[in-house]
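Dear colleague,

I am handing over the structure below, and after it you will find my notes on what was found. Please read them alongside the sequence and the coordinates.

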Amino acid sequence: MAPPSTRRPGYSRRAQYGLFLGYVIAVGGIMFAALMLVVAMIDPTGFSALKGAALDVTHPVTAGGRGAVRFVENIGGGVSNYFMAASENAELKRRIAAERRMIVEARAIDMENGRLKAMLKLTQESEAPVAIARIVGSSFDAPRRLATLSAGSASGIRNGQPVRSADGLVGRVIETGRWASRILLVSDGASNVPVKLVRDGTPAIAAGHGDGTIDLKTLELGKNPFRRGDILVTSGTGGVFPPNVPVAVVTAVNGDRTVAKPLADPAALDFAIVLNVFQPAANLPLSERTAKSLEGAGQ
Amino acid sequence: MRIAGSRRDVAIWGVRRQWVPVLSTLAASLLDTLPVVVTTPLVPDFAFLVLLSWRLLRAEMWPAYVALPLGLFNDLVAGHPLGQSMALWTIVFLACDLLDSRSGWRDYWIDWLVASLAILFYTAGGWRIARAMGSQMEFEVLLPQLLLSIFSYPLVARLVVALDRWRLSR
């Protein structure tokens, strides 16, 4: 194929200037875009009004079609259920028997817990949800793992609030529009959740891996404390996530690397619950007196 | 077959000739609003593939700065950091211009090679920006998506060729 010759504007001065101006605009635009990226890195909440508005505009499309997609997903699940019915039945019966025993134990522990808490006069802050909304979409071609929630600042949702479902922790809010908001899922590479092992309370950090799994990092060096099937819950450290929300289950342990799967699968979720930041004080800047005394300690 | 149409027909053809490429790219951006929830990066960025197909098919159609507003729209819809697609897409356009001015000819395989390099640059750029924004993700995670994108380029290119034929038909 011969190259198109129209790129060369010929001897016309005007056409040459036009082409040159085009390149000036393009390069200037790249520099402007790079500047916007730098601003976004320094202040991630910048341009939030613009991004929130875009979220609001595209949200009805997403919300409207979700029902249809779920219908198709359910058909797929139904077909495979039919073929697996016999083995699944046996497995479920076994599991029910095991879990009945555990429920009895759990009830006993619950009663004891209530008694002990009453003795300590421990007051738990009520975990009233901010909003309950549907997860309607996600970024499926980007390197980030984000999901869209069908409620925004009109329902009281603010940036930074944790989001959970009945199954476990989903993530936290990073962008809010008026009627929609964006969640950073726990499996995103930028998500770090302080967790603890249910079995013995070992603290760890659950860092997203970017492909739907979570890497577990222990805070202490030494033997890897995780086993396959271990469940992790939030520890409440850091003050953003409330404690004891289930987060993930360990699926593979390879030497130092521990891979876990989030318990709340955003693809299968209908509703998500947005909670208040657990300890709002933890996110505030230090008071002047504390800052001063810390400075003194540093010198 | 008619050779010349009425004045109204000519106006409609003009609009169609100009806007089909832009609107098809915007539509591909809007695929991001589909109500699909995916936790693994697998699906190619169709907006970029459509844009690249148009650019490689009709080099003379767009000046390089057209990628700026299209990129801004993609950033807003997909929830990328603002400026990501704007910068990366325009850089790809400038590189294509440079290539066009240096190379004598292109065929199907060279088009695919150029597209593959552009997709690699775009994916790596997006990954680099995500890392700068605090993501700890490793590049290996994106390899399946990269391969899928490279192999879906010919399909998207075919679609764009069909659109182009319809765009220029009368």
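I begin with helix α3 of chain B, where 10 of the 12 residues are buried, so that this helix is largely enclosed by the rest of the structure; a residue is called buried if 20 or more other C-beta atoms lie within 10 Å of its own, exposed if 12 or fewer, and partly exposed in between, with C-beta atoms placed from the backbone. Please bear in mind that this is a predicted model, in which local features need pLDDT of at least 70 and side-chain atom pairs count only at pLDDT 80 or more, while totals for chains, interfaces and linings use all residues. Residues are numbered from 1 along each chain as its sequence is written, and chains are lettered from A and ligands numbered from 1 in the order in which they are written.

Helices (H or I, at least four residues) and strands (E, at least two) are DSSP runs, numbered from the N terminus. Helix α3(B) covers residues 67–78 and reaches 16 Å from its first C-alpha to its last, close to the 16 Å expected at 1.5 Å a residue, where the expected span is 1.5 Å times one less than the number of residues. Its buried residues include L68(B), L72(B), N74(B) and D75(B), and the helix is followed by G79(B), whose phi is positive, near 80°.

Helix α6 of chain B (residues 143–168) has 26 residues that should span 38 Å, and its end C-alpha atoms are 37 Å apart, which agrees.

The contact between the chains takes 52 residues from chain B and 53 residues from chain A, two residues being in contact if their C-beta atoms, placed from the backbone, lie within 7 Å. On the side of chain B that touches chain A, the elements giving two or more residues are α3, α4 (84–102) and α5, and α4(B) gives the most, with nine residues.

Turning to chain A, the secondary structure comes to three helices and 12 strands, and of its 299 residues 32% count as buried. Among its contacts between residues at least 6 apart in sequence, 58% join residues at least 24 apart.

Six strands of chain A close into a barrel in the order β1-β2-β5-β4-β3-β12, with antiparallel pairing; two strands pair if DSSP finds at least two bridges between them.

Strands β6 (residues 192–197) and β7 (residues 203–208) of chain A pair in the antiparallel sense over five bridges, with K196(A) opposite P203(A). They form a hairpin with five residues between them, and G201(A) in the turn has a positive phi of about 80°. Strand β7(A) also pairs with β8 (residues 214–218), in the antiparallel sense and over five bridges, with A204(A) opposite T218(A); in this second hairpin, which has five residues between the strands, G210(A) takes a positive phi near 95°.

With best regards
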